[in-house]
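Hi everyone, thanks for coming. Let me put the sequence and the structure up on the screen, and then we can walk through a few spots together.

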Amino acid sequence: MKAALFEKPYTIQIVEKATPKPEPGWVLIKTLRAGICGSDLHNYRGCALRNNFEAWQQLGFAEGHELCGEVVAVGDKVEKVKIGDRVTAEAVWHCGSCYMCKSGQYHLCLDRKDLVWWGDGAFAEFVCLPEKVLYVLPESMTSSEGALVEPLAAAYHAVRKAGDCFGKKVLIIGGGSMGQLCAGVAKLSGTISLSILVRYDHQAKVAYEMGCDSVFYPHASLDSSLQFDVVIETTGNSEAFENATRLCRKGGRIVLLGGYPHPQNINLAPIVSKELQIAGSLCYGWDGIRKEFEIAIDLLAKKKINVTAVVTHEFPFDQISEAFRVASDKKSGSIKVHINFNL
Ligand SMILES: [Zn+2]
Ligand SMILES: [Zn+2]
């Protein structure tokens, strides 16, 4: 099979590799779609976001965890999925037995492993994954939507971490795909006003389609008199963090879900002087009743949220280098870039 190898920063090679054979409990998936995530871009730019950088280098970097694919082979003891099913996958594996897993917070598992740890990730013609991270997609869902379940579940988790948004003034910082998906979920939760801070006009246009009432640009229109009950910061940089603490009202809540690949030099004083509540948001998990992945699938399958505007570009697999260049350069007009293996 052909697989993308992230050889060094800004350099992706398509190499020939043996197609994996599924072990017991594992499933071989033919990739139909794979989305480029912000964390893929961090690694594309050479940033060791993950702490096991040396092991990754020895393997050769593989990326891609927002996927939709078709099951083509199953190992022994696989019961939940069958050949021909269209599936997507949670991006992390959890042990199921540590105290975080047992307390229902399996996304914080003490032994959590990235999906691509084992092999090639979804930027490959085939990807082999454990059955337990897979979800079968309803037929009504497009493959593009299927590849958006993972980031939508992360957006759902972030909005849930914001607490009850009903009747609240909510600001989203960042017009990238996570900001846009958070806006879509926040709109569903009954905000009285939904605002977004973006850098580019194409992000503003999509934000209105996702249900935002107003759009701000940094510096031009950011007045400290604007005070929001909830701020969801999706970009992971210090300027955005300072905007969040400045624009959140006293006693308000800030949710952070940017990857923060670098240490930040930030002013913490407003957290104390305004008694701000700060919550981190990592991936998705169990909301107490259901898995957030199942909720994201339902939101899409029941057409409660329209995410089509978020996917601005798609490329065939053999143009993955160009796809990453476009995804990495926001001036290109990109928000979410997909690799479509059927092109
Ligand atoms: Zn991601
Ligand atoms: Zn665990």
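I'll start with the metal site and then turn to backbone angles.

A word on the source: this is a predicted model, where local features need pLDDT of at least 70, side-chain atom pairs count only at pLDDT 80 or more, and totals for chains, interfaces and linings use all residues. Residues are numbered from 1 along each chain as its sequence is written, chains are lettered from A and ligands numbered from 1 in the order in which they are written, and side-chain values use heavy atoms, leaving out hydrogens and water.

So, what coordinates the zinc ion, ligand 1? C37 through SG and H65 through NE2, at 2.1 to 2.3 Å. Donors here are N, O and S atoms within 2.8 Å of the metal (3.2 Å for Na, K and Ca), and because water is not among the atoms, sites may look incomplete.

C37 sits in the loop between β3 (26-35) and α1 (38-44), and H65 in the loop between α2 (53-59) and β4 (66-74), so the pair ties together parts 28 residues apart in sequence. Helices (H or I, at least four residues) and strands (E, at least two) are DSSP runs, numbered from the N terminus.

Are these two buried or exposed? C37 is buried at 16% relative accessible area, and H65 is buried at 8%. Buried means under 20%, exposed over 50%, partly exposed in between, with a 1.4 Å probe and protein chains only.

Now the backbone. Most residues other than glycine have a negative phi. K77, though, has a positive phi near 65°; K77 lies in the loop between β4 and β5 (86-89) and is exposed at 71%. E275 also has a positive phi, about 45°. That residue, E275, is in the loop between α9 (269-273) and β15 (277-280), and is exposed at 63%.
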